[in-house]
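I opened my notebook and the viewer side by side. These entries record what I looked up, in the order I looked.

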Amino acid sequence: MNEYKEKILRICNESSKGTLMETLEIEYIDVGENFLLAKMPVTPKVHQPDGILHGGATVALAESVASAGCFIFLDTKEFFVRGLEISANHVKSIREGDVFAKAVILHKGRTTQIWDIKVTDAEGNLISICKLTTVSLPRK
C-alpha cells in the first residue's frame, strides 16, 4: 500500500509542474481511502496587502486538492471532471508557516461529487472550511 500511496503522490506532484499549484508551492503529502492532503507555505507571495494569508490563495489550495482527488477517486478515462461551485468560510488568519488542506469526498454520485475541504495550520487550528461541487461528464 505504501508504494501505491507514493506513486499517487508522485503523479499528483509531477502534474503540478508549470501550473498554479507550482506557483503557490502546493505539495501533495498524503492520500488515503477517501481523502487527499496537501500543504502550502504561507509567505508574502500568498499574502493580502496587510500581511495575512489571502482568501483567494486558500480557495485555490482547496480547489486544487479536491480536484486532484477527483482524478484519484473517479474514472477520468471515461469522464472529465469540472468544478461547478466552490464556497469558503475563513475562520482564522495566519501570517506564516504552512497550511494543510484535507479534501474528503462526501458524495460520489454518478454525475456530481461533493468535497469537504478543511484548511488547518501546523497545530491543527481550523483556518477555512471549503466545499467543492464537481460534475463528471462523458468524454466523447
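**Entry 1: Thr 58.** I began with Thr 58. Leaving aside neighbours within four places in sequence, I found Thr 58 in contact with Leu 53, His 90, Val 119 and Ser 128. I noted that the model is a predicted one. Thr 58 is found in helix 3. Is Thr 58 buried or exposed? I looked up its relative accessible area, which is 2%. The cut-off for buried is under 20%, so Thr 58 is buried.

**Entry 2: Glu 96.** Next I went to the loop between strand 3 (79-90) and strand 4, where Glu 96 has its place. Here the relative accessible area is 65%. Exposed means over 50%, so Glu 96 is exposed. I also checked Glu 96 against Ala 38. The two are 58 residues apart in sequence, and their C-alpha atoms are 16 Å apart in space.

**Entry 3: the core.** Which residues touch the most other members of the largest nonpolar core? I wrote down Tyr 28, Val 99, Trp 115 and Ile 117, out of 36 residues in that core. Then I listed elements that each supply at least two residues, among them helix 1 (2-14), strand 1 (27-31), strand 4 (97-108) and strand 6 (126-138). Helix 3 gives the most, with 9 residues.

I stayed with Tyr 28 for its contacts, again leaving aside neighbours within four places in sequence. They include Leu 9, Cys 12, Met 21, Leu 36, Ala 38, Val 65 and Ala 68.

**Entry 4: cysteines.** How many disulfides are there? The count comes to 0. A disulfide needs the sulfur atoms within 2.5 Å. Both residues turned out to be covered: Cys 12 is buried at 7% relative accessible area, and Cys 70 is buried at 1%.

**Entry 5: rings.** I searched for aromatic pairs and the count came to 1. The partners are Phe 73 and Trp 115, with ring centres 6.2 Å apart and planes at 35 degrees. Planes under 30 degrees apart would count as stacked and over 60 as edge-to-face, so this pair is tilted. The pair links distant parts of the chain: Phe 73 sits in helix 3 and Trp 115 in strand 5, 42 residues apart. Both are buried.

One more ring went into the notes. Lys 102 lies over the face of Phe 35, at 4.5 Å from the ring centre.

**Entry 6: strands.** I traced strand 1 into strand 2 first. A hairpin of 3 residues joins them. They run antiparallel, with 4 bridges. Val 31 has Leu 36 as its bridge partner in strand 2.

Then I turned to strand 5. How many of its 10 residues are buried? I noted 7, so strand 5 is mostly covered. Strand 4 pairs with strand 5 in the antiparallel sense over 9 bridges, and a hairpin joins them through 3 residues. Phe 100 stands opposite Thr 120 in strand 5.

On to strand 6. It is joined to strand 5 by 9 bridges, and the two run antiparallel. Lys 118 stands opposite Ile 129 in strand 6. The hairpin between strand 5 and strand 6 has 4 residues between them. In that turn, Gly 124 has a positive phi of about 90 degrees.

Notes. Residues are numbered from 1 along each chain as its sequence is written. This is a predicted model: local features need pLDDT of at least 70, side-chain atom pairs count only at pLDDT 80 or more; totals for chains, interfaces and linings use all residues. Side-chain values use heavy atoms; hydrogens and water are left out. A nonpolar core is a set of buried Ala, Val, Leu, Ile, Met, Phe, Trp, Tyr and Cys residues joined through side-chain atoms within 4.5 Å. Buried means under 20% relative accessible area, exposed over 50%, partly exposed in between (1.4 Å probe, protein chains only). Contact means heavy atoms within 4.5 Å. Rings of Phe, Tyr and Trp (its six-membered ring) pair if their centres lie within 6.5 Å; planes under 30 degrees apart count as stacked, over 60 as edge-to-face and the rest as tilted. A charge sits over a ring if NZ of Lys or CZ of Arg is within 6 Å of the ring centre and within 35 degrees of the ring normal. Two strands pair if DSSP finds at least two bridges between them.
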